[in-house]
Amino acid sequence: MYNSGQAGLTFWAPNVNIFRDPRWGRGQETPGEDPFTAARYAVAYVRGFQGEDIVAHTQEPSRLMLSACCKHFTAYDLDKWEGYDSSTFNAVVSEQDLKDTFQPPFKSCVEEGHASCMMCSYNQVNGVPACAHYDLYKTARSDWRFTGYIPSDCDAVEIIHEKQSYGKTPEDAVAAVLKAGMDINCGTYLLRHTISAIKKGKVEESSIDRALFNLFSVRMRLGLFDGDPKRQKYGNLGLRHVCSDEHRHLALEAAREGIVLLKNGGNILPLLKSQIASLAVIGPNANAPATLIGDYPGIPCKITTPLVGLQSYIQTILYAPGCDYVNCSSNEGFGEAARIAAKADAVVMVVGLDLSQETEGHDRVSLNLPGEQQNMVSEVARASRGPVVLVLMSGGPVDVSFAKTDPSISSILWVGYPGEAGGQALAQVIFGDYNPGGRLPMTWYPQAFTKVPMNVMNMRPNFSTGYPGRTYRFYTGTTVFQFGHGLSYSNYSYTFASMSINRIILPAFNNQVVSPNTEMASNHIYVDDNTVSCEKGKFNVQVSVHNHGRMDGSHALLMFAKSPATHRGAPQRQLIGFKRVHVESGRSTEVQFLVNPCDHLSTVTEDGRRILSPGVHIFMIGDAQHLVTLAIENNTYANGNG
């Protein structure tokens, strides 16, 4: 009836969990480690799925094109690691980490994206199963004004009883989730045990009524009771819209924009077609179509592998996988790979991971390249008579320190799992038809990070125990590549415009100011208590971006801020804005960022309260900095004493 019988109109996506640990098998499904990025991704994804025109700036229920579902609520980022697995894991999370790391994507998903669904996760949060966590649901429905339905992850209710022993009986587990606010179970557990739970007095009729109301409200918004779908607003969408030229070009553009240039020694890239008569293409991911589309893929229109993409540029291609599979358990193919590398004018090696190494139910134990891949890369690089380009295909980060410091490996590119047009996009980047401008969405840690227990949820470092913290906002250890790293074939410089504001004054009210008796020594605005001063304090920051290179470039601009906050656990810096801008060679482009101090400059205290600190806030883009002094007007302490 819908989607040519291939699917319904409800989709359990996007995954907006934080990529907290580089070993997580499902990190590839997420937008990365940064909560601000994840929040912006969540809003764009949900609006695109549900129909952007019908969710703009209103909390009123409205017609849906599709129903999107933000998952997995919440603090879900471990699948299977050293005896821990997602079905029984208790995520012990501080109020500080919950408020400023794990919850922001879900909050934005609801408040700005107006998601019609939010899925609860398998894990427990501080000892309570997420699907039976009343306080989590209360936050979503009361504070964020969520009006959609809440499903469980598949078989999560059964797991609550069978594996987590949270309810003594199946009826107790059913009662726990329905009372908490869950509306439907993915699986059959509610179907089998809800009637019994009602008869035993464990579930009230009001809980059933609420669940039915939430479920049928979304179905009504989808138009499922409005007759012939072809007579409805989106009824004429069909197969002809899926593999259209427009959408296939969009897949190509997404792949190009996502490619990150990690190293480019001697500016070897882009390669010049006129100087390359023969090209060696080597590696287990060079011609592996399924690897390009990653976890939970749709059905691609036409897959172009790196080998096929490069064949469209160079007539003489020499190909050897080197390893038959990504696990690279044998070096039998190394000799052939080294032989063709010695004959060719240049070498492109495509290595990395695939779903045998990282996926749902399978976390990694190492950050190195699997099996003998590293030895293959080094052996081929030594044998090559021309430049060597190393291409990494993976969802999570890989420790390639050896390649970063090896002068015989000229360039390194990370392509993620780039989708159906990945091979075409890669070839265009390598031969200069596209100037790379992607940035890493996660920190690339060294192999030594695997000594950090994956089950420890703390984001902040603990210097007394040597715990280094997690993600660029808190991590204190060494990195292979930093969050946001990404080179280009052009060099860019940044200048904050002289007219950019350098001082703002926010009015404060009695209930907004922290008393000096607390952990802070000076006054701070309680952001969550009032939003009037936040609206008044919005301002623009203008930046000039100059392209000093010989190529036009599509450039990802990242703006960070550092707060003067002195409370424990304040981030080292945090991303507050990003934009992709096209800058012509030798030209400049002006870019403007709208800053809301309460959203972008605030931090979260140990007790989970969001505050805005007076003092000098430092804005950073590349090497450029801009200082903005924030002052609070008419300070009055919360206890009423001046």
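This is a predicted model: local features need pLDDT of at least 70, side-chain atom pairs count only at pLDDT 80 or more; totals for chains, interfaces and linings use all residues.
# Helix packing, ring pairs and backbone details

- Helix 2 covers residues 95-102, and six of its eight residues are buried, so the rest of the structure largely encloses it.
- The buried residues are Gln 96, Asp 97, Leu 98, Asp 100, Thr 101 and Phe 102.

**Helix 6 against helix 7**

- Helix 6 (residues 170-180) and helix 7 (residues 189-199) have axes that come within 9 Å and cross at roughly 95 degrees.
- An angle from 65 to 115 degrees counts as roughly perpendicular, and helix 6 and helix 7 are therefore roughly perpendicular to each other.
- On the helix 6 side, the contact is made by Pro 170, Glu 171, Ala 173, Val 174, Val 177 and Leu 178; on the helix 7 side, by Tyr 189, Leu 190, His 193, Thr 194, Ser 196 and Ala 197.
- Sorted by class, this contact of helix 6 with helix 7 has eight nonpolar, three polar and one charged residues.
- Glu 171, in helix 6, is worth a look: it is buried, with a relative accessible area of 8%.
- Leaving aside residues up to four places away in sequence, Glu 171 touches His 193, Ser 196, Ala 197, Lys 200 and Lys 202.

**Helix 9 against helix 15**

- Helix 9 (residues 245-258) packs with helix 15 (residues 422-430) at an angle of about 50 degrees, and their axes are 8 Å apart.
- Helix 9 and helix 15 are therefore oblique to each other, and their crossing is right-handed.
- Helix 9 brings Leu 252, Ala 255 and Arg 256 to the contact, where they meet Gly 422, Gln 424, Ala 425 and Gln 428 of helix 15.
- The residues in this contact of helix 9 with helix 15 divide into three nonpolar, three polar and one charged.

**Aromatic rings**

- There are 21 aromatic pairs in the structure.
- In one of them, Phe 539 and Phe 619 have ring centres 6.2 Å apart and planes at 75 degrees, so the pair is edge-to-face.
- Phe 539 belongs to strand 18 (residues 539-547) and Phe 619 to strand 24 (residues 615-621), so this pair ties together parts that are 80 residues apart in sequence.
- Phe 539 is buried, with a relative accessible area of 6%, and Phe 619 is buried as well, at 0%.
- Elsewhere, ring pairs join Phe 11, Tyr 41, Tyr 45 and Phe 49 into a cluster.

**Backbone details**

- Ala 13 and Pro 14 are joined by a cis peptide bond, with omega of about 15 degrees; Pro 14 sits in the loop between strand 1 (10-11) and helix 1.
- A cis peptide bond also runs from Leu 269 to Pro 270, with omega near 0 degrees; Pro 270 is placed in the loop between strand 9 and strand 10.
- Ala 75 has a positive phi, near 55 degrees, in a residue other than glycine.
- The loop between strand 2 (67-73) and strand 3 (80-81) holds Ala 75, which counts as buried at 2% relative accessibility.
- Thr 471 is not a glycine, yet its phi is positive, at about 65 degrees.

**Exposed loop residues**

- Lys 451, in the loop between helix 15 and helix 16, is exposed, with a relative accessible area of 73%.
- The C-alpha atoms of Lys 451 and Gly 32 are separated by 21 Å, while the two residues are 419 residues apart along the chain.
- Asn 267 is placed in the loop between strand 9 (260-264) and strand 10 (278-282), and Asn 267 is exposed, with a relative accessible area of 62%.
- From Asn 267 to Thr 188, the separation is 79 residues in sequence and 58 Å in space, C-alpha to C-alpha.

Terms used: Residues are numbered from 1 along each chain as its sequence is written. Side-chain values use heavy atoms; hydrogens and water are left out. Axes are lines fitted to C-alpha atoms, for helices over the stretch in contact, and angles run from 0 to 180 degrees between N-to-C directions. Helices (H or I, at least four residues) and strands (E, at least two) are DSSP runs, numbered from the N terminus. Angles under 35 degrees count as roughly parallel, over 145 as roughly antiparallel, 65 to 115 as roughly perpendicular and the rest as oblique. A crossing is left-handed if the near helix is turned anticlockwise from the far one by less than a right angle, and right-handed if clockwise. Contact means heavy atoms within 4.5 Å. Ala, Val, Leu, Ile, Met, Phe, Trp, Tyr, Cys and Pro count as nonpolar, Asp, Glu, Lys and Arg as charged, and the others, Gly among them, as polar. Buried means under 20% relative accessible area, exposed over 50%, partly exposed in between (1.4 Å probe, protein chains only). Rings of Phe, Tyr and Trp (its six-membered ring) pair if their centres lie within 6.5 Å; planes under 30 degrees apart count as stacked, over 60 as edge-to-face and the rest as tilted.
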